Structure formats: C-alpha cells, structure tokens
Amino acid sequence: MPVSVSQYLFGNSLVNYAEGGALTNVPVWLDQFAEAAGNEYAAAGAYGFLRNFADRPEPRSDWGFDGVTPAQDEGEGFSDVSYDSVLITPANFIQDLAPDAPYWDDTRSPLDAILDIASDASSAQPGARIFIYEGWADMGPFSGQVTNDPAVMQAYHAHNMGAYHDWYVDLVDQANAADPDLELTLLPIGSTLSELFSTVLADIPATDLYVDSAPHGTETVYYLSAMMTYQASYGSPAPRPDSLPTGIHPEVLTHWDDIQTVIEDNLQESGVLEGSSGPVDPVDPVDPVDPV
C-alpha cells in the first residue's frame with residue numbers, strides 16, 4: 001500500500017536553490033525517491049528567514065517543483081489542506097549568538113521566532129510532525145571561495161559537526177522546554193553531510209559539492225539532503241537506484257550502503273526515527289492540490 005506524505009517547507013536556498021536549476025532542491029529528489037518506492041509525495045513552501053515566517057499572517061505557497069504534486073491548489077490556504085510534516089529552516093549565518101539571544105537589530109531571538117512559527121503551524125496542522133531542518137554552515141568565515149584545500153575543508157566540516165550542530169541541538173531543546181506540546185525534532189542535515197564528506201565521501205572534491213561560499217550546493221548536496229529527509233518523512237531509507245541521475249557524483253552510489261548507515265545512525269541519535277517525538281506515522285493528505 002503506497003504511503004502518501006504531504007509536506008510544507010519554511011525554507012531557504014539550503015532547501016531550494018532556484019538559481020542552480022531544477023535539480024538543486026530537496027523536494028524534487030524526495031519526490032523521485034517516493035516514486036521509486038511506490039509512494040506518493042506532495043509539497044508546498046516558501047522562501048524566507050525565521051522572522052519573515054513568524055510575521056506572515058499565514059504560510060505562503062510560493063514554490064513549485066518540476067514533477068512534484070503541489071500540496072495546495074491555487075486559492076487554498078495552509079489550513080485548508082492536511083500536512084503530515086512541516087520543515088522549518090533557520091538561516092545558516094546566525095549561529096554566532098545563542099538561540100535565545102536577540103538578533104542584533106531586534107528584541108526577538110531565533111528561539112522566539114521558532115516558537116511563533118511552530119505554534120501557529122501546530123495549531124493549523126495538529127497532526128503534522130515538525131522538523132527543524134539543519135542546513136550547512138556559512139563557509140565565508142573559512143574561505144571566501146570554494147576550495148579543495150584539505151585544512152580549510154577539515155575546519156569547515158569540524159564546525160558543522162561541532163559548534164554549529166550544537167546550536168541547533170540547543171535551539172530544539174530550548175523550544176521543547178518552552179512548549180513541550182510542540183515536540184520539535186532536529187533533522188541533522190548539515191552535520192551529517194559534513195560527516196559523510198569527512199569519511200565515506202571524502203574523495204569527492206569540495207568543488208564538486210559547493211558552488212560558492214554561501215555555500216549553495218550542487219545537485220549532489222541536495223540529493224543527499226533528500227535521502228535524509230525521505231527517511232525522516234517516510235520512516236524507511238531512500239530506495240537504492242540502479243544508476244544515479246545525471247549530475248549526482250558517482251561516489252554516492254559506490255558508497256550507498258555506508259551512506260545509509262551514517263544517515264540512520266544520525267537520525268536515530270537525533271530522535272527522528274525514535275525518541276520523544278515518536279515514530280514517523282504519515283497519513284494520507286487531503287487532495288491537493290533564493291539565495292541564503
């Protein structure tokens with residue numbers, strides 16, 4: 001029996017890098033995984049930063065993806081359809097201050113914004129599981145351009161797996177302590193990518209993964225991110241393809257099983273597959289429907 005998942009994304013270009021083309025986003029790959037597994041996927045979302053999302057009267061449905069079923073038809077609002085999961089994506093350059101510290105130009109903090117967004121989303125979608133999507137860190141403090149220099153990339157990946165990841169852990173812990181009913185779950189994308197790029201995929205040059213120091217990714221980065229998001233959304237690993245789509249680095253297929261092991265271990269540790277938020281239990285959706 002096919003599993004249907006309808007997903008809303010409060011996103012930025014670490015979820016959907018429109019300037020990179022039709023394949024530098026998570027939903028298009030997630031949809032292809034779902035189709036290969038005999039499942040169904042529908043998505044909607046919009047670009048913004050946390051305070052933008054918090055200030056909007058209702059989440060917008062601005063995004064469309066080639067081949068992906070829209071989760072909202074034209075004229076439908078966020079509360080008019082049923083979502084199984086909601087992803088909230090903080091910017092990747094605000095981690096120099098604690099999650100509960102105010103923005104430099106505001107009395108609000110990222111934590112305040114998350115609580116506002118998640119509370120409204122939970123009220124409108126009481127059955128949806130809410131994930132905090134951990135994008136990968138800004139590369140600018142390490143290099144003004146993408147480089148294959150081993151020392152630079154080692155420091156960058158160590159940051160993603162260390163202080164940067166810890167910021168997201170603190171954000172989710174603080175949000176759940178402030179409002180336990182939200183049961184937010186961290187989706188550890190950036191830290192897992194850096195673990196992969198430091199171990200089983202260490203032979204892939206950084207210039208094959210990133211296009212600038214923001215750093216926006218190539219198709220391979222969004223493909224790997226979608227593998228993680230798929231398992232979080234459906235509760236099972238992304239299906240292994242017989243061959244990779246054009247643009248995906250061949251090392252991904254070569255090391256598929258090892259990649260899946262790292263992904264599963266990190267999703268387990270983060271509570272995605274089991275823990276306080278409970279197991280993934282998607283339900284059938286109602287008929288549906290830029291740079292960081």
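User: Which helix does Glu-195 lie in?
Analyst: Quick heads-up: this is a predicted model, and the answers here go by it. Look up Glu-195 and you'll land in helix α6.

User: Does Glu-195 count as buried, partly exposed or exposed, and why?
Analyst: Buried would need under 20% relative accessible area, and exposed would need over 50%. Glu-195 has 25% relative accessibility, so it counts as partly exposed.

User: Which residues is Glu-195 in contact with, leaving aside its neighbours within four places in sequence?
Analyst: One of them is Met-161, which is 34 residues apart from Glu-195 in sequence, yet 7.0 Å apart in space, C-alpha to C-alpha. With the neighbours within four places set aside, the contacts of Glu-195 are Met-161, Val-262 and Asn-266.

User: How many of the ten residues of α6 are buried?
Analyst: Go through the helix and you'll find Ile-189, Gly-190, Ser-191, Thr-192, Leu-193, Ser-194, Leu-196 and Phe-197 buried. That leaves α6 mostly covered, and the count of buried residues is eight.

User: What covers the buried residues of α6?
Analyst: Both strands and helices turn up in the cover. It includes β5 (129–133) and β6 (185–187), along with helices α4 (150–161), α5 (163–178), α7 and α9 (256–269).

User: At what angle do α4 and α6 pack?
Analyst: Their axes are 8 Å apart, and α4 passes α6 in a left-handed crossing. The angle is about 140 degrees.

User: How many nonpolar, polar and charged residues does the contact of α4 with α6 have?
Analyst: On the α4 side, you've got His-157, Asn-160 and Met-161. They meet Gly-190, Ser-191, Ser-194, Glu-195, Phe-197 and Ser-198 in α6. Sorted by class, that contact has two nonpolar, six polar and one charged.

User: Which residues of α7 does α6 meet?
Analyst: From α6, the residues involved are Ile-189, Thr-192, Leu-193 and Phe-197. The contact of α6 with α7 divides into six nonpolar, three polar and no charged residues. The partners in α7 are Val-221, Leu-224, Ser-225, Met-228 and Thr-229.

User: How is α1 placed relative to α7, and why?
Analyst: Helix α1 (residues 26–36) packs against α7 at about 55 degrees, with the axes 8 Å apart. That angle makes α1 oblique to α7. As for handedness, the crossing of α1 and α7 is right-handed.

User: Which residues of α1 make the contact with α7?
Analyst: On the α7 side, the residues include Glu-219, Tyr-222, Tyr-223 and Ala-226. The contact of α1 with α7 splits into eleven nonpolar, three polar and one charged. From α1 come Val-26, Trp-29, Leu-30, Phe-33 and Ala-34.

User: What is the radius of gyration of the chain, and what would a compact globule have?
Analyst: Zooming out, the chain comes to nine helices and six strands, and buried residues make up 53% of its 292 residues. The C-alpha atoms fill a box of roughly 50 × 50 × 35 Å along the principal axes. A compact globule with 292 residues would be near 19 Å, which agrees with the chain's 18 Å.

Notes:
Residues are numbered from 1 along each chain as its sequence is written. This is a predicted model: local features need pLDDT of at least 70, side-chain atom pairs count only at pLDDT 80 or more; totals for chains, interfaces and linings use all residues. Side-chain values use heavy atoms; hydrogens and water are left out. Contact means heavy atoms within 4.5 Å. Helices (H or I, at least four residues) and strands (E, at least two) are DSSP runs, numbered from the N terminus. Ala, Val, Leu, Ile, Met, Phe, Trp, Tyr, Cys and Pro count as nonpolar, Asp, Glu, Lys and Arg as charged, and the others, Gly among them, as polar. The radius of gyration is taken over C-alpha atoms; the globule rule is 2.2 Å times the number of residues to the power 0.38. Buried means under 20% relative accessible area, exposed over 50%, partly exposed in between (1.4 Å probe, protein chains only). Axes are lines fitted to C-alpha atoms, for helices over the stretch in contact, and angles run from 0 to 180 degrees between N-to-C directions. A crossing is left-handed if the near helix is turned anticlockwise from the far one by less than a right angle, and right-handed if clockwise. Angles under 35 degrees count as roughly parallel, over 145 as roughly antiparallel, 65 to 115 as roughly perpendicular and the rest as oblique.
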